[in-house]
Amino acid sequence: MLTSNSSSYSNSNGNCSSASSSSNSSFSSSCVQVSRDVQQQLVLLRLLPDSPGLQFPEIWLRDNCQCSTCYMQQTRSRLPQGWNYLDPSVRLQQLSWCAERQSLQISWSDGHKSSFPLSWLKERDFSPASRARYLRDCYRPEQRLWSGTEFQRIQREFLYDELLHNDEALLQWLHQLAVYGLALVKQAPLDSNVLRNLCNRVGFMRSTTYGDEWSVKAQPGASNYAYLAAPLPLHTDMPYFEYKPSITLLHTLQQSDSPGGWNLLSDAFHVADLLRQRYPGAFKVLSETPVDWADIGSEKNLRFHNIWRAPVINLDANGRYVRINLSIPQRDSHFSVPAEQVRPWYEAMALFMRLANEQACTFKTTPGDVLTFDNVRMVHGRTGYDDTEQNIRHIVGAFLDWDIAYSRWRVLKNDLGHYNK
Ligand code: OGA
Ligand code: ZN
Ligand code: ZN
């Protein structure tokens with residue numbers, strides 16, 4: 001509830017004006033009007049007579065005091081010796097607007113005084129539109145889910161050289177990956193530095209038990225199912241890690257001339273949406289039944305036994321998708337749930353796999369392509385192929401993490417002036 005003020009003060013001479021805390025107050029300077037909603041304990045700012053107001057909880061203002069006792073500019077962080085006991089009994093006592101410094105001045109019941117510049121306040125406004133803008137422009141861009149038939153429309157290509165030398169192209173690539181979960185890099189050289197160079201432009205590679213980079217090549221006697229020429233059904237990479245690598249990069253060095261070796265890709269968040277609409281019971285089962293994902297083996301003298309126990313569809317407290325786990329070969333025969341949950345899980349899984357395959361797009365990369373996708377959201381696979389000595393398929397893979405990629409996206413947006421304030 002926004003309360004109206006009983007008294008208002010004109011302040012045209014640029015001095016600071018003030019009023020006591022006992023009533024809802026309003027101050028107008030040349031263009032800023034300040035008031036309080038006493039009941040909700042909010043400070044309200046109105047910049048133009050008809051513009052929507054900015055709102056700030058009083059206790060949050062106390063916590064975020066910008067003085068040198070409470071905040072350290074050098075480390076851009078709150079100081080523990082500031083309001084360290086978070087005493088919620090502290091109340092706003094006096095509120096004023098300083099037109100000269102364009103800042104909000106507050107005196108608190110604990111004797112502390114705070115000053116907040118208008119530009120700082122505008123970026124942190126609690127009104128719904130401002131919060132939505134911050135989440136979209138600074139936290140993460142909104143994901144657009146897509147069906148297999150929309151692939152041609154959403155897919156975008158980026159030139160390897162441009163990604164290495166042009167920050168705007170780098171930002172657009174990361175943005176595409178964040179929004180659609182998929183981007184194709186073209187014209188990379190056929191050498192061994194490509195994935196490292198790309199990852200270093202973003203930050204650094206994510207290493208796993210298979211090393212920094214891994215080679216997908218048909219190898220008789222391979223210890224990993226992917227290293228056979230057989231079809232690789234839709235999966236996410238490494239669901240058996242709690243800290244799963246979150247962006248996959250696949251560099252095609254050699255492509256098979258055989259009719260196989262096609263890539264399959266499906267937006268599993270979209271597939272989950274379809275399941276939710278059409279088969280809500282199956283959706284509930286797949287989002288609630290933990291599965292034991294596992295990988296046992298050794299690589300370059302490192303023996304490993306990885307297990308992560310989590311559902312196929314992972315949701316947050318608001319029912320939004322946070323992660324998909326899927327891999328037939330890397331689903332353990334240990335299934336540590338009560339026996340009566342097992343059959344319903346298989347029935348739900350059969351529906352999910354059918355939808356995922358129906359929604360998959362297919363294409364065949366050529367040497368010099370780097371296929372990059374969101375390994376948290378997309379499921380991918382390939383059709384089987386025939387390898388002979390003259391006809392070899394060779395893909396090199398590596399990972400990046402979303403934490404590092406989003407950080408780079410934000411820094412680039414800021415440096416290139418893309419934030420709409
Ligand atoms: C993998 C994989 C894709 C391919 O090795 O996990 O997805 O095209 N490979 O071989
Ligand atoms: Zn302070
Ligand atoms: Zn894979």
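Donors are N, O and S atoms within 2.8 Å of the metal (3.2 Å for Na, K and Ca), and water is not among the atoms, so sites may look incomplete. For comparison I noted that the ideal angle for four tetrahedral donors is 109.5 degrees.

The model is predicted; local features need pLDDT of at least 70, side-chain atom pairs count only at pLDDT 80 or more, and totals for chains, interfaces and linings use all residues. Residues are numbered from 1 along each chain as its sequence is written, chains are lettered from A and ligands numbered from 1 in the order in which they are written, and side-chain values use heavy atoms, with hydrogens and water left out.

**Entry: ligand 2**

I listed the protein donors of this zinc ion as C65 (SG), C67 (SG), C70 (SG) and H112 (NE2), at 2.1 to 2.3 Å. Their spacing in sequence reads C-x1-C-x2-C-x41-H. C65 sits in the loop between helix 1 (58-63) and strand 7 (71-72), and H112 in the loop between strand 10 (103-108) and strand 11 (113-117), so the pair ties together parts that are 47 residues apart in sequence. Helices (H or I, at least four residues) and strands (E, at least two) are DSSP runs, numbered from the N terminus. I then checked burial, where buried means under 20% relative accessible area, exposed over 50% and partly exposed in between (1.4 Å probe, protein chains only). C65 is buried at 1%, and H112 counts as buried at 18%.

D237 and H380 are both buried.

I traced an open sheet of 4 strands in the order 15-24-17-22, with antiparallel pairing. Two strands pair if DSSP finds at least two bridges between them. Strand 15 (232-235) and strand 22 (361-363) are at the edges with a single partner strand each, so one side of each is left without a neighbour in the sheet. Strand 17 (residues 263-267) is joined to strand 22 by 3 bridges, and N263 has F363 as its bridge partner in strand 22.
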